[in-house]
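Thanks, everyone. Let me put the structure up, and then I'll walk through it.

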Amino acid sequence: MPRTGRRPGTTGGTREKILAAARSDFSNAGYDGVTIRGIAAQARVDPALVLHYFESKDGMFRAAVQFPVDPKEFIPRLLAPGLDGLGERLVSFFLDTWDSPAGSPMLGLIRSIVSNEAAAILREFVTREVLGRIAKALELDQPQLRASLVASQLVGLAMLRYVVEVEPMASARTNDLVAWLGPTLQRYLTDPNVTRASRAPRRRSPSRGSADRARTPRRSSRSRSA
């Protein structure tokens with residue numbers, strides 16, 4: 001059913017102008033720090049226009065990343081076989097998506113925009129919309145930490161394979177990349193030691209005086225009485 005109300009702008013660049021503002025805001029402030037009104041103000045359009053083109057903040061976020069599949073559609077398929085092998089399925093899914101014709105606009109965005117901005121948007125999307133949902137669905141401890149660790153591998157893979165084109169990552173077969181990276185992602189998702197280390201209290205470094213005292217052996221009472 002078509003939306004009613006104010007008509008969209010007549011200039012063909014209105015949608016692109018809103019997207020440019022959204023990418024800038026998402027890369028600088030993250031998903032939680034961005035508002036529809038803020039993006040509309042930066043793009044100098046009515047907030048209703050943002051909703052007309054993208055329907056919601058989530059829709060605008062996906063458009064900014066140009067991710068071709070809605071996470072709500074593919075995450076249940078990734079989770080259906082269970083926790084075993086999830087790391088391998090994640091690597092395979094992202095590689096298949098990036099290498100498909102539907103994934104080419106997203107790779108074009110990563111290649112064309114200043115890499116720090118593009119990487120920040122992709123990292124935010126992968127961490128929040130994909131891995132965060134998976135970790136919560138599996139009821140893992142510290143889901144945000146686990147999602148961030150997995151995202152670091154996937155975003156790094158995208159940059160090395162498609163942007164910097166570092167070998168052997170750039171020309172490796174999907175099956176090889178799945179075999180290399182899948183176990184690492186699986187460990188980040190399931191290994192209790194991954195989150196146990198983060199809960200350990202940070203040890204304070206000793207001061208110079210206490211370090212010197214620690215290095216100086218104490219004289220025994222026998223030696224003092226000698």
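Some ground rules. This is a predicted model, so to speak of local features we need pLDDT of at least 70, and side-chain atom pairs count only at pLDDT 80 or more, while totals for chains, interfaces and linings use all residues. Residues are numbered from 1 along each chain as its sequence is written, and side-chain values use heavy atoms, with hydrogens and water left out.

Start with helix 5, residues 71-79. Helices here are DSSP runs of H or I, at least four residues, numbered from the N terminus. Its buried residues are Pro71, Phe74, Ile75, Leu78 and Leu79. Buried means under 20% relative accessible area, exposed over 50%, partly exposed in between, with a 1.4 Å probe and protein chains only. Down the axis of helix 5, the buried residues fall within an arc of 135 degrees, so they line one face. That arc is taken from the directions from the helix axis to the C-beta atoms. On the other side, Lys72, Glu73 and Arg77 are exposed.

Now the core. A nonpolar core is a set of buried Ala, Val, Leu, Ile, Met, Phe, Trp, Tyr and Cys residues joined through side-chain atoms within 4.5 Å. The largest has 63 residues. Which members touch the most others? Phe26, Met60, Leu90, Phe94, Trp98 and Leu131. Take Met60. Leaving aside neighbours within four places in sequence, Met60 is in contact (heavy atoms within 4.5 Å) with Ile18, Ala22, Phe26, Ile36, Ile39, Val50 and Phe54.

Next, aromatics. Rings of Phe, Tyr and Trp (its six-membered ring) pair if their centres lie within 6.5 Å; planes under 30 degrees apart are stacked, over 60 edge-to-face, the rest tilted. The whole structure has 13 such pairs. One is Phe67 with Phe93: tilted, 6.4 Å centre to centre, 45 degrees between the planes. That pair links distant parts of the chain, 26 residues apart: Phe67 is in the loop between helix 4 (57-65) and helix 5, Phe93 in helix 6 (residues 86-99). Phe67 is buried at 6% relative accessible area, and Phe93 is buried at 14%. Phe93 also pairs with Phe94: centres 5.4 Å apart, planes at 80 degrees, so edge-to-face. Phe67, Phe93 and Phe94 belong to one aromatic cluster, which also includes Phe26, Phe74 and Trp98.

Last, Ser148, in helix 9 (residues 143-163). Buried or partly exposed? Partly exposed, at 33% relative accessibility. Gly132 is 16 residues away from Ser148 in sequence and 8.4 Å away in space, C-alpha to C-alpha.

Terms used:
Helix = DSSP H or I, 4+ residues; strand = E, 2+ residues; numbered from the N terminus.
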